[in-house]
Structure formats: structure tokens, C-alpha cells
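Look over the model, then read the points below.

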Amino acid sequence: MATINDNFIKIPATYLFSEIAKRVAQHKEANPNAKVIRMGIGDVSLPLPDAAVDAMIKAAEEQRHAETFRGYGPEQGYAFLRDAIVENDFKSRGLSIDADEIFVSDGAKSDTGNIGDIFSTNNRVAITDPSYPVYVDTNAMGGRAGEPNNQNVWSNLIYLPCNAENNFVPQLPQEKADLIYLCYPNNPTGTTLTKAQLKVWVDYAKANGSVILFDAAYEAFITEDDVPHSIYEIEGASEVAIEFRSFSKTAGFTGTRCGYTVVPKGVTALSESGEKVQLNKLWNRRHSTKFNGTSYVVQRAAEATYSAEGKKQVKSLISFYTENARIIREGLQKAGYTVYGGVNAPYVWAKAPQGMGSWEYFDYLLKEKNIVTTPGAGFGLSGEGFVRFSAFGSREDTLEAMKRLEK
Ligand SMILES: *Cc1c(COP(=O)(O)O)cnc(C)c1O
């Protein structure tokens with residue numbers, strides 16, 4: 001009889017979004033006329049930039065004719081896109097990343113989830129708490145997390161609490177961490193690390209032979225000068241860090257699907273026999289074995305986000321959400337709430353008043369204000385006592401929600 005990977009059944013079902021949906025449905029049934037505003041979403045609401053759509057239409061036309069038709073492309077991505085990435089995301093910031101260090105994919109969820117393939121199960125993994133759930137769950141699937149307790153805390157993971165006490169800056173762990181997941185600007189807290197704060201982690205990784213897995217999905221939302229857009233802005237990072245990028249939140253590609261991973265040739269880890277192996281070679285092997293390339297049409301759309309028109313349009317998408325984030329941040333502050341984030345990220349992390357729990361605060365906002373948020377406890381233990389407000393909604397809804405909270 002076939003047997004399963006038992007790690008999969010150890011993972012408690014995530015009730016977060018189904019539980020939210022259930023409570024919202026119940027509330028609506030009891031209050032059919034309530035105008036419920038959804039501020040829990042992690043998905044964008046504005047459509048794709050015209051430059052990207054025009055590029056897709058053009059590419060689709062090419063696919064109609066034998067002379068211009070493209071079948072399988074390079075697994076790592078077409079040169080036109082990898083070169084545009086190198087030029088616009090790295091060279092423009094004075095960073096030297098080669099095109100063969102870029103791996104184009106269908107998004108950062110896949111890449112942050114799949115990267116574990118190239119690491120042994122013996123690695124000790126450190127993850128900021130709260131965090132994007134993909135890091136914890138995929139390490140559990142890969143057998144690196146140990147056993148969960150009834151609060152969904154895993155015995156082998158090293159949790160790095162991020163809370164108001166440490167100003168959402170994770171402290172170096174007592175135990176030695178081999179793999180370290182960092183996501184900045186952060187989902188769910190909307191907070192960031194300065195260059196000096198990130199350098200502490202790069203130095204730690206260099207001293208301990210660790211690898212940093214840096215998720216920069218929200219890089220485009222950075223407004224402050226001292227916040228690094230790429231971990232490679234930190235000296236020495238190209239020896240110890242892998243970076244994940246996504247066109248999803250930047251350019252509205254959540255349904256179109258494109259992202260990329262940077263694996264510099266200088267990043268190495270040890271084989272069982274003690275030999276230093278380039279992770280670039282391993283990831284290339286993994287990517288070309290299990291992935292057959294992002295769609296040609298989509299890669300043309302991603303390329304178009306780097307054209308002069310595309311850049312302008314992307315900038316205006318980002319400013320729209322950034323303004324929403326400002327409205328939420330200031331609206332909550334005016335209403336007397338303590339909030340974090342929302343300056344360099346599309347999320348505002350709000351402290352529940354009067355010692356309320358995440359779900360209690362969620363219920364209060366739903367029942368009294370008809371506002372849906374995301375309970376912080378769903379992102380990890382340290383998220384308890386917070387809710388996440390998303391800036392991805394419409395301007396009208398954002399303003400209306402803040403008006404309701406003022407009262
Ligand atoms: C949205 C998000 C991503 C991007 O995922 P895609 O698969 O590229 O859509 C990656 N990391 C974090 C933390 C996110 O919130």
C-alpha cells in the first residue's frame with residue numbers, strides 16, 4: 001500500500017481565512033443591510049497597468065502565427081526579462097547581479113515554498129513571528145519543523161518574536177540558525193528594517209555559515225531612504241542571501257503570475273561530505289527539473305512594467321495604495337489606536353485596545369463597525385493582540401471605514 005509524507009498531516013488546517021469568511025457570512029445573515037467593508041484582503045484591487053496588458057495582447061498575437069510562435073522557453077526565464085530585471089532592479093541601485101543569478105517564476109509563493117528543496121532536513125530554521133504562513137508550513141512539509149503543539153508552535157523552529165517591545169526588530173537567536181527567513185517590508189506588520197538593522201543579520205549569517213531567505217515582495221512600497229530595497233544593498237549579502245521578488249503587489253500580477261528569485265553565485269552551503277556547493281547551481285537544477293518556465297505572454301507583460309510608460313503606471317498604482325495606507329494609519333491614530341507599519345508597506349498593524357485578543361477585536365470591528373480585518377494571531381503567536389488592516393481596497397471604502405472608526 002502506498003504511504004504518504006506524514007509531515008503533511010501534522011500541519012493543522014489553517015482556519016484563518018475560512019474562519020473569517022464564516023464569521024462575515026454569519027454577520028451578514030444577521031444584518032442583511034449592513035454595508036461591510038473588507039480590509040482583510042491581501043490581494044490588490046486595481047487592474048493591471050496598460051503597458052502590461054498591451055504587451056500581453058501583442059505577445060498573444062505573436063502566438064497566433066507560426067513565424068512568431070514560441071513554445072517552451074528557457075526554464076530560467078527569457079533573456080529580455082532577466083536583462084530588464086538586472087538593469088532596473090539592481091544596476092540602477094548600483095548592485096551587480098548577473099542575469100544568470102535571476103530565476104523567473106510564476107510567483108514568490110512558489111519560490112519561497114520550493115526553496116526548501118535544496119536544503120537538508122537537518123537545517124535549523126529561524127522564522128520571524130508573526131510571518132507569512134508559507135515559510136512555516138513548507139518547512140513543516142519538508143520535515144524541518146519538528147512537531148506542532150496545540151498552539152501551532154513547532155518544536156524545531158526558532159521563532160524570532162517581532163512585537164512592540166522590540167519595535168518589530170527581530171533579535172539574533174540564542175540557538176544557531178542555519179536558514180533565516182526575513183520578509184521586509186513585512187507582511188503582516190507593515191514594518192521594515194533599516195540598512196543597519198539588516199546588516200546585523202547579514203553579519204550573523206556570515207559568521208555562522210547561515211543562509212538568509214529574504215522576501216522582498218513589498219519592496220516597491222518603500223518610501224523612506226534608509227530602508228533597503230534589496231538585501232544586496234548590504235555589504236556581504238551576496239555571499240549569504242537569496243532574495244525573492246514578485247510582480248504581484250508591485251504591478252497587480254496576483255492573478256497574472258510572475259516573480260523571480262535571485263541566487264548569487266557567491267552563496268554556498270555544505271554538502272554531507274563537507275564540500276561547499278553553490279546554491280545557484282542547485283537551484284538551477286531544481287528549477288529546470290521541476291519548472292518549465294513562466295508563460296511567454298506573462299514574461300512580456302512583466303518586461304513592460306520596466307518600460308518608461310510601465311514604470312509611470314506602476315508608480316501610480318503604488319502611490320494609490322500608499323495613500324490608502326496613510327489614510328488608515330492616520331485615521332486609526334486619530335481614533336486613538338496604537339498602530340505600526342503603513343509607511344513603507346500596504347499594511348497597518350493595529351494594537352487591539354484594552355487588552356482585547358485578536359479575534360475579540362476582529363469581532364468588535366465586524367459587529368460594531370462592519371469592517372473586516374485579519375486577526376494577527378493567524379500569523380503566529382506574537383500576532384496575538386493585533387489585527388492587520390490592508391490598504392489594497394478602494395479609496396471610497398478606506399475613507400468610509402476611517403469615518404466609522406472616528407465615532
Ligand atoms: C503576496 C506575497 C508574496 C507574493 O506572492 P506571489 O506568489 O508572487 O503572488 C510573497 N511573499 C509575501 C510575504 C506576500 O505577502
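Helix α10 (residues 296-304) is mostly covered, with eight of its nine residues buried. Buried means under 20% relative accessible area, exposed over 50% and partly exposed in between (1.4 Å probe, protein chains only). Helices (H or I, at least four residues) and strands (E, at least two) are DSSP runs, numbered from the N terminus.

This is a predicted model: local features need pLDDT of at least 70, side-chain atom pairs count only at pLDDT 80 or more, and totals for chains, interfaces and linings use all residues. Residues are numbered from 1 along each chain as its sequence is written, and side-chain values use heavy atoms, with hydrogens and water left out.

**Helix α10**
- The buried residues are Tyr296, Val297, Val298, Gln299, Arg300, Ala301, Ala302 and Ala304.
- They pack against α3 (50-64), α4 (79-90), β2 (102-105) and α11 (308-334); contact means heavy atoms within 4.5 Å.
- At the start of α10, a side-chain oxygen of Ser295 comes to within 3.3 Å of the backbone nitrogen of Val297.

**Helix α7**
- Leu198, Trp201, Val202, Tyr204 and Ala205 are buried in α7.
- These residues lie on the same side of α7 because they cover an arc of only 155 degrees around the axis. The arc is that of the directions from the helix axis to the C-beta atoms.
- Ala196 and Ala207, on the other side of α7, are exposed.
- The cover over the buried residues of α7 includes β4 (158-161), β5 (179-183) and β6 (211-215).

How values were computed:
A polar contact is a pair of N or O atoms within 3.5 Å; within protein, one must be able to donate a hydrogen and the other to accept it, and residues adjacent in sequence count only if both atoms are side-chain atoms.
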